[in-house]
Amino acid sequence: MDPKVVKSDLVLILDFGSQYTHLITRRIRSLSVFSLCISGTSSLSSITSLNPKVVILSGGPHSVHSDDSPSFPDGFIEWAQSNGVFVLGICYGLQLIVQRLGGEVRVGEKREYGRMEIEVEKSCGIFGGKEVGDRQVVWMSHGDEAARLPNGFKVVARSQQGAVAAVEDQERRFYGLQYHPEVTHSPEEMETLRYFLFDVCAVNAGWKMEDVMDEEIKVINNTVGPDDHVICALSGGVDSTVAATLVHKAIGDRLHCVFVDNGLLRYKERERVMETFERDLNLPVTCVDATDQFLSKLKGVVDPEMKRKIIGKEFICIFDAFAQELEHKLGKKTAFLVQGTLYPDVIESCPPPGTGRTHSHTIKSHHNVGGLPKDMKLKLIEPLKLLFKDEVRQLGRILRVPEPFLKRHPFPGPGLAVRVLGDVTESNSLDILRQVDEIFIQSIKDAGIYDSIWQAFAVFLPVKSVGVQGDQRTHTHVVALRAVTSQDGMTADWYNFEHEFLDDVARKICNSVRGVNRVVQDITSKPPSTIEWE
């Protein structure tokens with residue numbers, strides 16, 4: 001996606017491993033400015049080829065004193081200065097600037113974590129809209145601090161403990177914040193970013209979904225030949241549906257959608273989804289029942305990564321077979337596969353820089369990123385891979401995808417396989433989970449709170465507990481309920497249900513679902529947990 005096409009200057013984030021890095025991208029895009037995030041250890045040519053107007057160096061868990069601490073490439077400083085590029089370092093990014101430009105960073109006498117008040121010492125640059133002596137509460141997370149600044153730099157704000165909180169060298173266009181302006185814990189975070197981008201850097205804002213749609217249609221048409229046919233893997237979720245609708249708008253009936261029932265779907269999901277595709281979206285969809293194929297391969301598998309890999313491989317086998325059938329029907333090969341990969345999928349499937357990790361150590365392999373086999377015959381088309389979930393919903397509205405469909409909660413590509421902990425084929429775990437999940441979701445809808453929740457689902461635990469049902473002792477299964485709020489799925493808070501609601505749902509589940517005698521609630525945020533259990 002070319003920033004020039006979407007009529008916006010590019011703000012490029014170099015990621016050094018902070019858990020908040022993705023929030024910088026989200027905050028900037030919310031200001032109608034195009035922003036991308038790449039590894040902080042990317043080559044200089046990778047950075048310069050994107051032609052950013054602003055580069056932001058993210059925070060990270062590292063210390064600049066460590067021999068293996070990640071850093072921007074040699075020549076970056078010289079390139080930024082000679083091309084008039086603005087550079088903002090956040091937390092670890094500030095310390096990198098100070099160290100690489102000849103200053104000194106040392107271990108702080110007092111570490112600063114959490115909310116902290118800072119005071120403006122100079123009304124200029126990034127604090128040009130403030131007065132000397134103005135104070136604001138920010139979010140700190142650092143142990144090292146800038147002890148001596150490089151030549152040309154000056155301190156513009158300090159923390160209440162006297163540590164350097166903000167620095168700048170206006171002549172060379174280098175700026176630094178020791179705190180995280182991107183997190184919501186900093187009340188004035190958006191104003192700081194807005195002032196820096198528009199008043200200091202004079203960034204041009206023009207990021208609009210309409211432009212994104214037009215650009216992606218052009219990319220699709222330039223990728224797919226005029227006589228080529230394309231397969232789209234429809235999961236029934238928002239992402240793949242918007243991707244399919246976008247590609248259908250670009251190439252029309254040369255798109256062939258396939259919906260796979262892998263035996264890991266929710267209660268009556270197949271019937272409900274197919275009805276929506278045919279009635280509301282007018283998409284050409286073929287339904288393939290591959291329940292036996294998937295479940296036979298998953299029998300005995302308990303490792304969540306292995307389950308994801310197996311499911312990803314089986315999906316591709318089905319798509320390859322579907323492509324061969326189309327070839328016989330059309331008289332030519334189908335070369336492309338459309339997937340609804342999103343930006344969080346890409347980010348979470350890549351290890352943070354400076355860890356020395358490979359993809360086998362990532363948070364989790366997404367079926368449409370890390371779960372695909374290397375020998376896949378079809379070429380991928382991923383028109384949404386630079387978008388977050390809420391941006392995909394915006395695009396869906398422009399494409400006239402029905403609003404109730406756009407508001408559906410996310411559902412993982414591996415389906416219920418990552419919500420049944422352990423072997424999905426053991427006993428009747430899938431049937432039990434479907435019933436529990438249906439009661440939970442329908443209760444949420446009946447309570448009128450479905451749209452207030454990012455994602456809600458049930459989890460089948462590999463645990464049995466003792467209970468009393470019908471005056472008899474039981475020893476049956478435990479299920480967990482999970483509901484979270486989020487903006488983009490990268491971070492999340494657990495949803496605080498009313499006690500009466502939870503009591504009602506737990507009673508319905510235990511009274512209606514044979515084989516369950518205990519219901520628990522997951523009240524963990526992300527981080528430290530992921531949203532899904534596996």
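1. A quick definition to start: two strands count as paired if DSSP finds at least two bridges between them. With that in hand, look at strand S10 (residues 230-234) and strand S13 (residues 336-338) in this predicted model: they pair in the parallel sense over 3 bridges. To find the pairing on your screen, go to Ile-231, whose bridge partner in S13 is Leu-337.

2. Now for the sheet as a whole. S10 and S13 belong to an open sheet of 5 strands, ordered S12-S11-S10-S13-S14, with parallel pairing. S12 and strand S14 (379-381) are at the edges and have a single partner strand each, so one side of each lacks a neighbour in the sheet. From one strand to the next, the twist averages 30°.

3. What packs on this sheet? Helix H10 (residues 304-330) does, touching S10, S11, S12 and S13. The direction of H10 makes about 140° with that of S11.

4. The S11 and S12 pair is worth a look too. Strand S11 (residues 255-261) runs parallel to strand S12 (residues 285-289), and 5 bridges join them. The chain gets from S11 to S12 through helix H8 (residues 269-281), in a right-handed β-α-β crossover. Phe-259 is a handy landmark here, standing opposite Cys-287 in S12.

5. Finally, a helix pair. Helix H6 (residues 209-223) and helix H7 (residues 238-251) have axes that come within 9 Å and cross at roughly 65°; the crossing is right-handed. Among the residues that meet there are Met-213, Ile-217 and Ile-220 from H6, and Leu-246, Val-247 and Ile-251 from H7. The contact divides into 7 nonpolar, 1 polar and 2 charged residues.

Conventions: Residues numbered from 1 in each chain as written. Predicted model: local features only at pLDDT ≥ 70, side-chain atom pairs only at ≥ 80, totals over all residues. Heavy atoms only, no water. Helix = DSSP H or I, 4+ residues; strand = E, 2+ residues; numbered from the N terminus. Right-handed = clockwise from strand over helix to strand, strands pointing away. Axes fitted to C-alpha atoms, helices over the stretch in contact; angles between N-to-C directions. Contact = heavy atoms within 4.5 Å. Left-handed = near helix turned anticlockwise from the far one by under 90°. Nonpolar A, V, L, I, M, F, W, Y, C, P; charged D, E, K, R; others polar.
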